[in-house]
Amino acid sequence: MSSIEEPNNQDHPVTLFAHIAARFEQIELSHWTVVVFAWLARYDGIDRCYFEDEEESPAHEVLHCISELEHGTTDDEVAHALSHLEFLTWRVRHPETAERWDPLSLSLSDFIGGDLSPNCWKWEGTFPSSPVIASWLIEQLPHR
């Protein structure tokens, strides 16, 4: 198989999640791994909102974000950095009820269901607000 034919696994979700876990371990913040994985799971299906080749997946954004963090970063600094990511500016409305999705309350798949397409748009700020997201993330951390 030539290099052109070889599949690129860099973007595979399992690979991205492995890199996220490894990075948290590297900077001695492994207790964030389960929190971030559960948080990202709430956004499964958000890729139906993206315009092809214009946006990175939430997992890509998280990996880029934590790649910038250094050893000694506090939990508050991690939560602050994560709460400002681009994918958090997406808004989703239920196609049948016009209700707006709150990702801190339930997952997108639980909100929309498996067979419906969400109504999506981007906004300037995050939803909920970055401070609310950061507080929620901190609350999800295991007690240490």
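Trainee: Which helices do the buried residues of helix 4 pack against?
Mentor: In this predicted model, they pack against helix 1 (13-26), helix 2 (33-41), helix 3 (58-67) and helix 6 (130-140).

Trainee: And which residues of helix 4 are the buried ones?
Mentor: Helix 4 covers residues 75-82, and its buried residues are Val78, Ala79 and Leu82. They sit on the same side of helix 4, because they cover an arc of only 95 degrees around its axis.

Trainee: Okay, zooming out. How many helices and strands are there in the chain?
Mentor: The chain has six helices and two strands. Going along the sequence, the pattern is α-α-α-α-β-α-β-α.

Trainee: What share of the chain is buried?
Mentor: Of its 144 residues, 40% count as buried. The chain exposes about 8500 Å², with carbon and sulfur atoms supplying 50% of that area.

Trainee: Back to the inside, then. Which residues touch the most other members of the largest nonpolar core?
Mentor: That core has 37 residues, and the ones touching the most other members are Ile20, Trp32, Trp39, Val62, Leu82 and Leu137. Helix 3 gives the largest share of this core, five residues. As background, nonpolar side chains in soluble globular proteins tend to be buried together.

Trainee: Pick Leu137 for me. What does Leu137 touch?
Mentor: Setting aside residues up to four places away in sequence, Leu137 touches Trp32, Val35, Trp39, Ala79 and Leu82. Ala79 and Leu82 are among the buried residues of helix 4 we started with.

Trainee: New topic: how many salt bridges does the structure hold?
Mentor: It holds one. The side chains of Glu86 and Lys122 meet there, at 2.5 Å from N to O. Glu86 lies in the loop between helix 4 and strand 1 and Lys122 in strand 2, so the pair ties together parts 36 residues apart in sequence.

Trainee: Last one. Where is Phe127?
Mentor: Phe127 is in the loop between strand 2 (119-122) and helix 6. Leaving out neighbours within four places in sequence, its contacts include Leu88, Arg91, Trp101 and Ile133.

Trainee: And how many residues apart along the chain are Phe127 and Phe87?
Mentor: They are 40 residues apart along the chain, with 9.7 Å between their C-alpha atoms.

Methods
Residues are numbered from 1 along each chain as its sequence is written. This is a predicted model: local features need pLDDT of at least 70, side-chain atom pairs count only at pLDDT 80 or more; totals for chains, interfaces and linings use all residues. Side-chain values use heavy atoms; hydrogens and water are left out. Buried means under 20% relative accessible area, exposed over 50%, partly exposed in between (1.4 Å probe, protein chains only). Helices (H or I, at least four residues) and strands (E, at least two) are DSSP runs, numbered from the N terminus. The arc is that of the directions from the helix axis to the C-beta atoms. Contact means heavy atoms within 4.5 Å. A nonpolar core is a set of buried Ala, Val, Leu, Ile, Met, Phe, Trp, Tyr and Cys residues joined through side-chain atoms within 4.5 Å. Accessible areas come from the Shrake-Rupley method with a 1.4 Å probe; for residues, only the protein chains shown count as cover. A salt bridge is a side-chain nitrogen of Lys or Arg within 4 Å of a carboxyl oxygen of Asp or Glu.
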